[in-house]
Amino acid sequence: MTLDLPPEALPLLGLATVLVATVAFLILGLRGSVGSLRKVEPAFDPGSTRISGVLVRWLEGRSRGFGFRYRLQPSTNNSPGAALLAAHVVAAFDWKAVEVGHGPQLLNLGTFALVQLGLLHDAEIGDPDLDRRLRFAATSEMELVVAFGGDSPRAALRQLADAVNFHSIVVHRGSCRVQWSPRDASLDDSPDVVRERMARVAELLTSLGVSPGFPS
């Protein structure tokens with residue numbers, strides 16, 4: 001049996017085929033993402049978790065007094081993928097620290113643009129090891145230096161930066177986002193690893209005097 005279509009209908013048929021394939025790909029991807037997120041639920045406080053989002057799925061829950069959101073960015077031909085951890089916070093100023101050698105990709109695109117516009121300024125904190133390993137930027141270099149003037153916040157940042165695949169931490173407009181890249185299922189889907197990541201982020205934020213915040 002053959003289906004005779006007028007020539008003008010062929011482009012529409014091709015477009016429909018592409019749309020169906022795209023929707024199927026998204027549905028399968030979302031199912032896979034939710035399955036991976038469910039694996040790490042034990043990392044959060046019992047009874048505190050829920051899946052949120054539509055096209056981008058997050059696992060939300062509490063740990064160490066902070067409300068965290070966790071999501072997975074799959075690897076593609078153009079991206080190594082990542083695991084992202086976010087929290088609403090109350091911070092005195094905006095700053096970021098990016099592992100040296102990582103370009104302005106994924107969640108760093110926005111803060112990279114702020115540096116280019118002069119709203120964030122390249123800085124150093126005065127610790128030779130961390131200044132060598134990380135590229136810092138902040139709205140106020142003086143506030144950044146003062147915040148990291150003690151041994152406790154420097155040790156906490158070093159612990160965070162020592163984690164496998166650590167990429168960056170960004171505190172901006174009441175949000176803290178930490179990225180590990182490339183995507184590694186053996187780490188990103190492990191409750192023990194995610195629990196340790198949240199503990200290190202919470203320890204750093206607390207040592208800096210950053211307190212949990214609430215969605216605006």
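Leaving aside neighbours within four places in sequence, L204 is in contact with W95, F148, P153, A156, L157, L160 and I169, where contact means heavy atoms within 4.5 Å. The model is predicted, so local features need pLDDT of at least 70 and side-chain atom pairs count only at pLDDT 80 or more, while totals for chains, interfaces and linings use all residues. Residues are numbered from 1 along each chain as its sequence is written, and side-chain values use heavy atoms, with hydrogens and water left out.

**Core and aromatic rings**

L204 is also among the residues that touch the most other members of the largest nonpolar core, together with F68, Y70, W95, L144, I169 and V201; this core has 45 residues. Helix 7 (residues 191-207) contributes the most to this core, with six residues. A nonpolar core is a set of buried Ala, Val, Leu, Ile, Met, Phe, Trp, Tyr and Cys residues joined through side-chain atoms within 4.5 Å. Buried means under 20% relative accessible area, exposed over 50%, and partly exposed in between (1.4 Å probe, protein chains only). Of the 216 residues of the chain, 41% count as buried.

Three aromatic pairs are present. Rings of Phe, Tyr and Trp (its six-membered ring) pair if their centres lie within 6.5 Å; planes under 30 degrees apart count as stacked, over 60 as edge-to-face and the rest as tilted. F66 and F68 form a tilted pair, at 6.0 Å centre to centre with 40° between the planes. F66 is buried at 2% relative accessible area, and F68 is likewise buried at 2%. Ring pairs also link W95, F136 and F148 into a cluster.

**Salt bridges**

The whole structure holds 14 salt bridges, each defined as a side-chain nitrogen of Lys or Arg within 4 Å of a carboxyl oxygen of Asp or Glu. Examples are tabulated below.

| Pair | N to O distance |
|---|---|
| E41 and R38 | 2.9 Å |
| E60 and R50 | 3.2 Å |
| D129 and R132 | 2.8 Å |

E60 lies in strand 2 and R50 in strand 1, so their pair ties together parts that are 10 residues apart in sequence. Helices (H or I, at least four residues) and strands (E, at least two) are DSSP runs, numbered from the N terminus. D129 and R132 both belong to helix 3 (residues 128-133), three residues apart, about one turn of the helix. D129 is partly exposed at 24%, whereas R132 is exposed at 58%. Both residues belong to a salt-bridge network that also includes D127, R133, R154, R158 and D162.
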